[in-house]
Amino acid sequence: MMALIPPVEAQVAAEQRQTHPTLLEWIQRDQAVGRMVDSPERAAAGATLHRDVIAAVKAVRVAEDAKAAAGLKSALCLPAPGTTELDSAEIGKWFYSRPPSEYSGTLDQVIAGFLADRFPCP
């Protein structure tokens, strides 16, 4: 008899993908936006991509703040909020330079790698 309810791990992974796209999913959506003609739909799709990146940066900040509060060492030293701006072209270039082995990582994981590369601890 086949189970009607997927294993908890599969369900959690599916829910995470809905709210935290993988790098491959994000790149595919970015490429689709690039093929669209200028329109309100293209603007909305681009805004969604931007929101995904912002949400990932915020998630990494929350995780790093939690590590610091727990007294754990971090691989990245984020600047104080509001003191540094990240360039979307720089982030996009970094995303597209990732090897295919990183495509299955969530955007949060990929952004954490980007920030660790951009803001390493001394």
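Tutor: Helices H3 and H5 pack with their axes 8 Å apart, at an angle of about 70°. The axes are lines fitted to C-alpha atoms, for helices over the stretch in contact, and the angles, from 0 to 180 degrees, are taken between N-to-C directions. H3 and H5 are therefore roughly perpendicular to each other; that term covers 65 to 115 degrees, whereas under 35 counts as roughly parallel, over 145 as roughly antiparallel, and the rest as oblique. This is a predicted model, in which local features need pLDDT of at least 70 and side-chain atom pairs count only at pLDDT 80 or more, while totals for chains, interfaces and linings use all residues. Residues are numbered from 1 along each chain as its sequence is written, and side-chain values use heavy atoms, with hydrogens and water left out.

On the H3 side, the contact involves Asp52, Val53, Ala56, Val57, Ala59 and Val60, which meet Leu107, Asp108, Ile111, Ala112 and Leu115 in H5. By class, these residues comprise nine nonpolar, no polar and two charged. Here Ala, Val, Leu, Ile, Met, Phe, Trp, Tyr, Cys and Pro count as nonpolar, Asp, Glu, Lys and Arg as charged, and the others, including Gly, as polar. A contact requires heavy atoms within 4.5 Å.

Alanine 63 also belongs to helix H3. With a relative accessible area of 38%, alanine 63 is partly exposed, that is, between buried (under 20%) and exposed (over 50%), using a 1.4 Å probe and protein chains only. Alanine 63 and alanine 112 are separated by 49 residues in sequence and by 9.7 Å in space, C-alpha to C-alpha.

The axes of H3 (residues 40-69) and H2 (residues 23-35) come within 9 Å and cross at roughly 155°. That makes H2 roughly antiparallel to H3. This crossing is left-handed. In H2, Trp26, Arg29, Asp30, Val33 and Gly34 meet residues of H3 that include Arg42, Leu49, Asp52 and Val53. The contact of H2 with H3 holds five nonpolar, three polar and four charged residues.

H5 (residues 107-118), for its part, packs with H4 (residues 88-96) at an angle of about 110°, their axes being 11 Å apart. H4 and H5 are therefore roughly perpendicular to each other, and H4 passes H5 in a right-handed crossing. Glu90, Ile91, Trp94 and Phe95 in H4 meet several residues of H5, among them Leu107, Val110, Ile111 and Phe114.

Leaving aside residues up to four places away in sequence, phenylalanine 95 touches Leu23, Trp26, Ile27, Val53, Leu107, Val110 and Ile111. In soluble globular proteins, nonpolar side chains tend to be buried together.

Taken as a whole, the protein has five helices and zero strands; helices are DSSP runs of H or I with at least four residues, strands are E runs of at least two, and both are numbered from the N terminus. Buried residues account for 23% of its 122 residues. Among contacts between residues at least 6 apart in sequence, 68% join residues at least 24 apart.

How values were computed: Left-handed = near helix turned anticlockwise from the far one by under 90°.
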